[in-house]
Amino acid sequence: MRSFLSAPVSVLGIFVFSLFVANGAWADTALDKSMQQLGKAYKELANDLKQPDETKKSEYLALAATMKDQAKAAHDLEPKLAKTLPPDQRDNMTASYRKDMDKFAQDIDGLSDALNQAKWDDARKLMETLKQDMFSGHKQYRVQKHHEEPAAQTPATNAPAQ
Ligand code: HEM
């Protein structure tokens with residue numbers, strides 16, 4: 001009886017799993033990947049700015065440039081949340097997401113200026129501004145996991161701590 005049932009059950013399992021993967025429910029999106037790179041650069045720079053060293057300015061600028069490149073890439077992508085909305089809301093959401101991503105990119109430019117002039121206090125303030133941009137962006141444009149507490153909505157890895 002067990003072997004009689006196990007083949008159809010296995011086939012069904014594989015079928016459901018394939019649907020899940022094909023639907024993209026499990027895969028990292030291109031936007032996830034950009035965000036991961038962005039988060040890695042942000043974290044490294046935030047650590048560096050705890051005790052800034054003017055001789056390392058070019059390294060700091062390179063990290064800010066990575067963040068800017070990823071923000072530009074993210075701008076042209078569409079959040080997963082958009083696909084869950086009806087077409088009219090989807091267009092509005094994507095337009096608003098792109099506007100916020102432009103603002104985020106401008107804030108990164110401000111950070112690069114501050115780093116260039118070795119204005120470390122200004123640079124740290126701008127890092128806080130970027131963190132606020134992140135909270136606001138994630139609240140509006142990320143698919144929320146309803147079982148999570150609000151504090152857990154920050155990405156677990158590669159993201160600034162709340
Ligand atoms: C310092 C700034 C930011 C950091 C460190 C950051 C980091 C992250 C991380 C680590 C993820 C999860 C990736 C994964 O699941 O593997 C993520 C996802 C996401 N972030 Fe950010 N983020 C930042 C700013 C922003 C901003 C400004 C926006 C919007 C204007 C935004 C929109 C999103 C969206 C929509 C997702 C979900 C991806 C999708 O729907 O495909 N993020 N972010």
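Read along the sequence, the chain adopts the pattern α-α-α-α-α, and its secondary structure amounts to five helices and zero strands. The model is predicted, with a mean pLDDT of 85 over the chain and 73% of residues at 70 or more. Of the 162 residues, 15% are buried. Among contacts between residues at least 6 apart in sequence, 69% join residues at least 24 apart.

The largest nonpolar core contains 22 residues. Within this core, the residues with the most contacts are Ala64, Met67, Ala71, Ile108, Leu111 and Leu130. Two or more residues are contributed by each of H2, helix H3 (57-75), H4 and H5, and H4 supplies the largest share, seven residues. The surroundings of Ala64 were examined individually: when residues up to four places away in sequence are not counted, Ala64 touches Leu45, Ile108, Leu111, Ser112 and Leu115.

Helix H3 comprises 19 residues, which should span 27 Å at 1.5 Å a residue; the end C-alpha atoms of H3 are 27 Å apart, in agreement with this expectation. The buried residues of H3 are Tyr60, Leu63, Ala64, Met67, Lys68, Gln70, Ala71 and Ala74. Viewed down the axis of H3, these buried residues fall within an arc of 165°, and they therefore line one face of the helix. The cover over the buried residues of H3 includes H2 and H4.

Helix H5 (residues 120-141) has 22 residues and extends 31 Å from its first C-alpha to its last, close to the 32 Å expected at 1.5 Å a residue. Ala123, Leu126, Leu130 and Met134 are buried in H5. Because these residues cover an arc of only 100° around the axis, they lie on the same side of H5. The face of H5 turned away from this buried side bears the exposed residues Asp121, Glu128, Gln132 and Lys139. Helix H2 (30-48) and helix H4 (87-116) are included in what covers the buried residues of H5. Leu130, buried in H5, is also one of the residues with the most contacts inside the largest nonpolar core.

Where pLDDT is low, predicted coordinates should not be read in detail.

How values were computed: Residues are numbered from 1 along each chain as its sequence is written. This is a predicted model: local features need pLDDT of at least 70, side-chain atom pairs count only at pLDDT 80 or more; totals for chains, interfaces and linings use all residues. Helices (H or I, at least four residues) and strands (E, at least two) are DSSP runs, numbered from the N terminus. The expected span of a helix is 1.5 Å times one less than its number of residues. A residue is buried if 20 or more other C-beta atoms lie within 10 Å of its own, exposed if 12 or fewer, and partly exposed in between; C-beta atoms are placed from the backbone. The arc is that of the directions from the helix axis to the C-beta atoms. Two residues are in contact if their C-beta atoms, placed from the backbone, lie within 7 Å. A nonpolar core is a set of buried Ala, Val, Leu, Ile, Met, Phe, Trp, Tyr and Cys residues joined through C-beta atoms within 7 Å. pLDDT is the predictor's confidence in each residue, from 0 to 100.
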